[in-house]
Amino acid sequence: MNESAALNESGVGSPESSWLEAEAFDVNRTLALSSAALEFHVNPWDIMLCLSGTVIACENAIVVAIIFYTPTLRNPMFVLIGSLATADLLAGIGLILNFAFQYLVSSETISLITVGFLVASFTASISSLLAITVDRYLSLYNALTYFSEKTLHYVHLMLVGTWGVSLGLGLLPVLGWNCLDDASTCSIVRPLNRTNLTLLATSFFVIFALMLSLYFKICKIVCRHAHQIALQQHFFTTSHYVATKKGVSTLAIILGTFGASWLPFAIYCLVGERDYPPVYTYATLLPATYNSMINPIIYAYRNTEIQRSIYMLFCGCFQTNGSYRSRSPSEV
């Protein structure tokens, strides 16, 4: 009797005690799961890069589809614009895949493949911009022979060179030019080593210098043509002045946008060290991705032929009464 009373008083074996212990266990387990969930966090910079890649992929997918399914967009200028849009489309997809693999599948092999894919895509994008600049220069310098087979041959050679070099640079990290075996050789963009990143930055400065030189020559040709037209008409009208000023301003915007997007990251690739805070890399890399977001607006959506194709694609009721022909880059 005394032992039973003692057990009842102590509460051992009572239903109320068992229920309290089970409830306490559930609370502790819930807290443990909550703390584990809090430990898994996503870098806001990675989210912004992923969002940037999504916008880039959507914009350029429309351009690629329009050029591919429109038979009239087959001259050299649109072939190069299609190459640029394809490169930017792949870059956008690469940014999305990089975000997914980084947080879902952690693997050094996948990291190498993703980084190599991004290097190849962005290199092809920048090289395509150089090819478009060369094409615009040829359309002004050799205006009479621009639509010949020789120009198409040059365009095909530029495309082969653009994608061949880009693919080669993208394969370098996968083939062993990385810092996975020696962390001391890492650059600000892991797993690229310092030498690899220096090569990429130097290549960018060479391309930028060539584009700057070609656009300067294009400006000289445009101004000379405007002056010749003024001499033929014996006066320089306001419309000629406005058109010339608008053409030069457009070229300045194109080159300025490209430089503002990529120059900060290219310079930081040369001066940055691997032990610098990652925020510096993100802060210079994110604006560089914006160039692929702006490219379709500058080179595609502002073009009247592509606008016409978009109307036909989405409306299906856009009709033209007059004859239609594709224009050269100099006319555009």
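**View 1. Cys50 and Cys58.** Cys50 is buried, with a relative accessible area of 14%; buried means under 20% relative accessible area, exposed over 50%, and partly exposed in between (1.4 Å probe, protein chains only). Cys58 is partly exposed, at 47% relative accessible area. This is a predicted model, in which local features need pLDDT of at least 70 and side-chain atom pairs count only at pLDDT 80 or more, while totals for chains, interfaces and linings use all residues. Residues are numbered from 1 along each chain as its sequence is written, and side-chain values use heavy atoms, with hydrogens and water left out.

**View 2. The disulfide between Cys179 and Cys186.** The structure holds 1 disulfide, defined as a pair of cysteine sulfur atoms within 2.5 Å. Cys179 is joined to Cys186 with an S to S distance of 2.0 Å. The torsion about the S-S bond is about 90°, so the disulfide is right-handed. Cys179 is buried, with a relative accessible area of 1%, and Cys186 also counts as buried, at 10%.

**View 3. The stacked pair Phe204 and Phe208.** The structure holds 13 aromatic pairs (rings of Phe, Tyr and Trp, the last by its six-membered ring, with centres within 6.5 Å; planes under 30 degrees apart count as stacked, over 60 as edge-to-face and the rest as tilted). One of them is formed by Phe204 and Phe208, which are stacked at 6.0 Å centre to centre with 20° between the planes. Both residues lie in helix 7 (residues 194-232), 4 residues apart, about one turn of the helix. Helices (H or I, at least four residues) are DSSP runs, numbered from the N terminus. Phe204 is buried, with a relative accessible area of 5%; Phe208 is buried at 17%.

**View 4. The aromatic cluster around this pair.** Phe204 and Phe208 belong to one aromatic cluster that also includes Phe122, Phe205, Phe258, Trp262 and Phe265.

**View 5. A nonpolar patch on the surface.** Ile93, Leu97, Phe101, Leu104, Val105 and Phe117 form the patch, with about 490 Å² of accessible area together. Patches are made of residues with over 30% relative accessible area and no salt bridge; like charges are joined within 9 Å, and nonpolar side chains (Val, Leu, Ile, Met, Phe, Trp, Tyr) within 5 Å. Accessible areas come from the Shrake-Rupley method with a 1.4 Å probe, and for residues only the protein chains shown count as cover. A salt bridge is a side-chain nitrogen of Lys or Arg within 4 Å of a carboxyl oxygen of Asp or Glu. Helix 4 (residues 76-104) gives the most to the patch, with 4 residues. Phe101 is found in helix 4 and is partly exposed, with a relative accessible area of 30%.

Terms used:
Helices (H or I, at least four residues) and strands (E, at least two) are DSSP runs, numbered from the N terminus.
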